[in-house]
Amino acid sequence: MCGITGYIGFREAYPIIIKGLQRLEYRGYDSAGVMLYDGENINLTKTKGKVSKLEERVITEISNKGSIGVGHTRWATHGIPNDINSHPHMSQSGDLVIVHNGIIENYDTIKKELKTRGYTFQSDTDTEVLINLIEEIKNQEKVKLGKAVQIALNQVVGAYAIAVFDKTKPDEIVVAKLGSPIAIGVGKDFKEFFIASDASPFIEYTKDAIYLEDEEMAIIKIGREVRVRKIRDDSNVDPKIQELQLNLEQIEKGGYEHFMLKEINEQPQAIRDTLRGRLLPNEGIIKISGLENNMKRFLNAERIIIVACGTSWHAGLVAEYTFEDFARIPVEVEYASEFRYRNPVLTEKDIVIAISQSGETADTLAAIKLARSKGAFVFGVCNVVGSSIARENDSGVYTHAGPEIGVASTKAFTTQITVLTLIALRLARAKGTMTSADYRLHLQEMELIPQKIERLLKIDTKIKEIAKKYLLSTNCLYLGRGYNFPVALEGALKLKEISYIHAEGYPAAEMKHGPIALIDDRMPVIVIATNKGHYEKVVSNIQEIKSRSGKIIAIVTEGDATVKEIADHVIEIPETEESLTPLLTTIPLQLLAYHIAVMRGCNVDQPRNLAKSVTVE
Ligand code: AGP
């Protein structure tokens with residue numbers, strides 16, 4: 001988590017760094033800081049709070065001049081969010097400055113050692129320890145900054161993306177990566193360089209970027225090609241300059257009040273992008289190259305284990321139903337954080353599917369490494385192109401949802417379900433576990449999903465009305481069965497993470513085994529009661545809630561008459577195949593959470609304590 005930016009070149013660095021930090025704020029937003037070098041002095045300020053607060057600080061405290069600088073937006077790990085613990089951190093002499101995204105696990109041992117050598121520390125952070133270790137090595141070994149960084153990184157355990165500046169050599173910045181991402185934007189004729197956790201801070205300046213791999217570092221010097229080398233063995237690496245596909249429009253709000261709302265509304269297009277070139281309903285074909293190239297493995301798989309966290313885990317749960325239902329392959333869905341630490345039984349006949357929007361989630365990455373070490377074949381479902389998880393797999397597929405900036409995942413979820421459903425259908429076809437008519441029907445229905453979501457999004461005003469009635473609730477229950485049980489979990493997660501209302505998702509039938517005790521006239525219960533699946537049984541659950549005075553918000557299929565009679569509010573979704581209903585039922589739940597959160601005055605794009613990608617355990 002945490003976002004880092006940097007600039008070295010001929011322009012004023014401050015506006016580039018500040019705008020970059022605003023774009024990276026989704027990565028962490030409990031404090032922010034900036035360092036600018038004006039040719040003589042280091043000007044550094046930092047503060048608890050958001051980037052907007054940092055801007056106020058800069059105006060009153062420091063000169064914002066200079067064409068070299070680094071910036072940071074933080075999600076605290078070591079040390080509470082306060083001014084002192086914020087980045088950048090300076091070395092004891094005041095010559096070196098660092099911004100860091102990650103964790104140095106052995107910082108305490110190093111700190112004790114440095115203290116014996118006379119170092120004192122201002123903050124509680126692991127990062128201040130790292131910059132002083134670099135300084136100590138630089139002085140003791142009499143080496144240049146790059147070498148000192150390299151030696152230091154060979155002594156630390158943990159994860160990092162760092163940018164380090166040395167006032168005594170002010171024409172370069174040294175960057176390094178292990179576990180956390182770093183991109184270097186390369187300006188024309190190497191006259192300027194941009195450094196950032198992702199490419200969004202510099203897309204208006206250059207389309208050429210170098211993404212460092214794990215255990216690589218780069219020395220970035222004005223007027224010279226970027227020099228990349230391996231941290232461990234000092235070998236040189238040929239830097240690959242990639243052309244960025246990202247454009248400015250994709251990372252701006254485009255007239256919406258929040259990124260979350262924009263991303264909810266982008267879902268029809270995002271799903272079209274996911275399907276493009278992969279779903280050919282008229283020909284009856286599904287084509288996913290990462291799958292086709294490994295078809296034999298999938299067909300021989302004795303078991304599929306899905307690993308993921310949060311919303312991606314919910315998408316995995318939906319896939320459990322589709323894979324078992326369509327392709328008759330046994331599926332287990334695991335929290336990556338549990339899987340990685342519980343010595344799971346894995347064989348070469350197992351396929352592990354890792355799902356991640358960001359491709360950076362530390363637990364999912366560790367689960368992948370564990371699975372591969374035990375011989376399992378790992379297939380990734382990722383959104384962020386070139387991310388660590390995308391690179392760690394044996395094969396995989398991108399969801400092509402486009403950048404998701406709101407911390408609450410929306411279009412990532414529906415595009416993950418889309419891609420996983422395509423895989424299940426393709427496997428079913430290959431295994432002959434689905435009739436040809438049923439297969440064709442699903443393909444045709446799948447193609448219609450984007451336009452059905454477009455229709456569904458028009459219910460926004462109705463959902464606002466419902467949101468008004470329940471915005472003061474303190475608890476909320478979400479119920480669903482079968483394919484819509486994971487949607488109930490996802491609906492509850494959306495509400496709790498952005499509105500801070502406690503919410504629980506349950507399989508509808510489980511309600512009577514405990515949660516029913518919570519129901520009274522102040523308890524809103526959102527029930528997914530679409531017409532296929534276990535409709536009658538869910539209707540009975542609704543009756544049970546009603547007879548205990550609970551308030552029912554029901555998600556039903558268009559034309560439903562029964563639930564309308566009982567429920568307090570009814571939201572209709574277009575008719576579709578049962579396995580595809582999660583792609584529709586989830587939309588009103590996203591909108592409901594969004595409107596309740598906005599009405600409660602919450603920051604929906606940057607909910608408290610959260611960050612978009614969780615790169616720590
Ligand atoms: C959902 O709204 C969350 N912000 C969170 O649960 C997220 O899905 C989880 O951290 C996994 O992230 P990933 O998909 O990037 O791996």
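Two strands are said to pair if DSSP finds at least two bridges between them. The views below show a predicted model.

**View 1. An open sheet of five parallel strands.** The strands are arranged in the order S24-S23-S25-S26-S27, and their pairing is parallel. Strand S24 (502-507) and strand S27 (569-573) form the edges; each has a single partner strand, so one side of each is left without a neighbour in the sheet. On average, neighbouring strands of this sheet are turned by 15 degrees against each other, direction ignored.

**View 2. The pairing of strands S23 and S25.** Strand S23 (residues 475-480) is joined to strand S25 (residues 524-529) in the parallel sense over three bridges. Within this pair, Leu479 has Val527 of S25 as its bridge partner. Helix H18 (residues 535-546) packs on the sheet, where it touches S23, S25 and S26. The direction of H18 makes about 165 degrees with that of S25.

**View 3. Cysteines without disulfides.** A disulfide is a covalent bond between the sulfur atoms of two cysteines. A search of the whole structure finds zero disulfides. For Cys2, the closest cysteine sulfur is that of Cys309, and the distance of 18 Å is too far for a bond. Cys2 is buried, with a relative accessible area of 6%. The closest cysteine sulfur to that of Cys382 also belongs to Cys309. Here the separation is 12 Å, again too far for a bond. Cys382 is buried, with a relative accessible area of 2%.

Notes. Residues numbered from 1 in each chain as written. Predicted model: local features only at pLDDT ≥ 70, side-chain atom pairs only at ≥ 80, totals over all residues. Heavy atoms only, no water. Disulfide = S-S within 2.5 Å. Buried < 20%, exposed > 50% of the residue type's maximum accessible area, 1.4 Å probe, protein only. Helix = DSSP H or I, 4+ residues; strand = E, 2+ residues; numbered from the N terminus. Axes fitted to C-alpha atoms, helices over the stretch in contact; angles between N-to-C directions. Contact = heavy atoms within 4.5 Å.
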